[in-house]
Amino acid sequence: QVQLVESGGGLVQPGGSLRLSCAASGSIFSIATMGWYRQAPGKQRELVAYSTRGGTTTYADSVKGRFTCSRDNAKNMVYLQMNSLKPEDTAVYYCYLYQGTNYWGQGTQVTVSS
């Protein structure tokens, strides 16, 4: 069993920054991919960014140039640095880990509003 715990969400003004963290624990053997999804009210969950163990990172077009996904394999952590936040970035952000199957965190709310 794998557990994921996110932290770092909150309320921020447009143009501001937030950093999300996700800690993985449990039966972790060889994590292929860690990353982030988000779900806004009334919308489907969408991919934000993910990072492979080899270091390749992929971003949704909507966050390219503003968000940075990074990971610390030794600590089983993944991070999402979010800069130049926009109101449309408001969503619940979910950390995920792929190890034969997908595991999900409980989500952390990010609200961008003035």
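Predicted model: local features only at pLDDT ≥ 70, side-chain atom pairs only at ≥ 80, totals over all residues.
Biologist: What about charged side chains, how many are positive and how many negative?
Modeller: There are 10 positive and 6 negative side chains in the chain. The centres of the two sets lie 4 Å apart.

Biologist: Moving to the fold, how many helices and strands are there?
Modeller: The chain has 0 helices and 11 strands. Read from the N terminus, the order of elements is β-β-β-β-β-β-β-β-β-β-β. The radius of gyration is 13 Å, close to the 13 Å that the globule rule gives for 114 residues, so the chain is as compact as a globular protein of that length.

Biologist: And what does the C-alpha trace span along its principal axes?
Modeller: The C-alpha trace spans about 45 × 25 × 25 Å.

Biologist: What percentage of the residues is buried?
Modeller: Buried residues make up 41% of the 114 residues. As for contacts with a separation of 6 or more, 53% of them join residues 24 or more positions apart.

Biologist: Which residues of the largest nonpolar core touch the most other members?
Modeller: That core holds 28 residues, and those touching the most other members are Trp-36, Val-48, Phe-67, Leu-80, Met-82 and Tyr-93. Several strands each supply at least two residues of this core, among them strand E1 (2-7), strand E3 (18-26), strand E9 (91-98) and strand E11 (108-112). In soluble globular proteins, nonpolar side chains tend to be buried together.

Biologist: Take Tyr-93, then. Which residues is Tyr-93 in contact with, leaving aside neighbours within four places in sequence?
Modeller: Tyr-93 is in contact with Glu-6, Leu-20, Trp-36, Tyr-37, Arg-38, Val-48, Phe-67, Leu-80, Met-82, Gly-107, Thr-108 and Val-110. Among these partners, Trp-36, Val-48, Phe-67, Leu-80 and Met-82 belong to the core.

Biologist: Change of topic: where is Thr-33, and is Thr-33 buried or exposed?
Modeller: Thr-33 is in strand E4, residues 33-39. Thr-33 has a relative accessible area of 14%, and because the cut-off for buried is under 20%, Thr-33 counts as buried. Not counting residues up to four places away in sequence, Thr-33 touches Tyr-50, Ser-51, Thr-52, Arg-71, Tyr-96, Leu-97 and Tyr-98.

Biologist: And Ala-32, where does Ala-32 lie?
Modeller: Ala-32 lies in the loop between E3 and E4. Its relative accessibility is 33%, so Ala-32 counts as partly exposed.

Biologist: How many residues separate Ala-32 and Arg-53 in sequence?
Modeller: They are 21 residues apart in sequence, while the C-alpha to C-alpha distance between Ala-32 and Arg-53 is 5.5 Å.

Biologist: Now the backbone: what is the phi of Asn-76, and what is the phi of Ser-84?
Modeller: Asn-76 has a positive phi of about 55°, although it is not a glycine. Ser-84, also not a glycine, has a positive phi of about 50°. Most residues other than glycine have a negative phi.

Biologist: Which loops hold Asn-76 and Ser-84?
Modeller: Asn-76 is in the loop between E7 and E8, and Ser-84 is in the loop between E8 and E9. Asn-76 is partly exposed at a relative accessible area of 21%. Ser-84 is partly exposed as well, at 41%.

Notes: Residues numbered from 1 in each chain as written. Heavy atoms only, no water. Helix = DSSP H or I, 4+ residues; strand = E, 2+ residues; numbered from the N terminus. Rg over C-alpha atoms; globule rule 2.2 N^0.38 Å. Buried < 20%, exposed > 50% of the residue type's maximum accessible area, 1.4 Å probe, protein only. Contact = heavy atoms within 4.5 Å. Lys, Arg positive; Asp, Glu negative; His and termini not counted. Charge placed at Lys NZ, Arg CZ, Asp CG, Glu CD. Core = buried A, V, L, I, M, F, W, Y, C linked by side-chain atoms within 4.5 Å.
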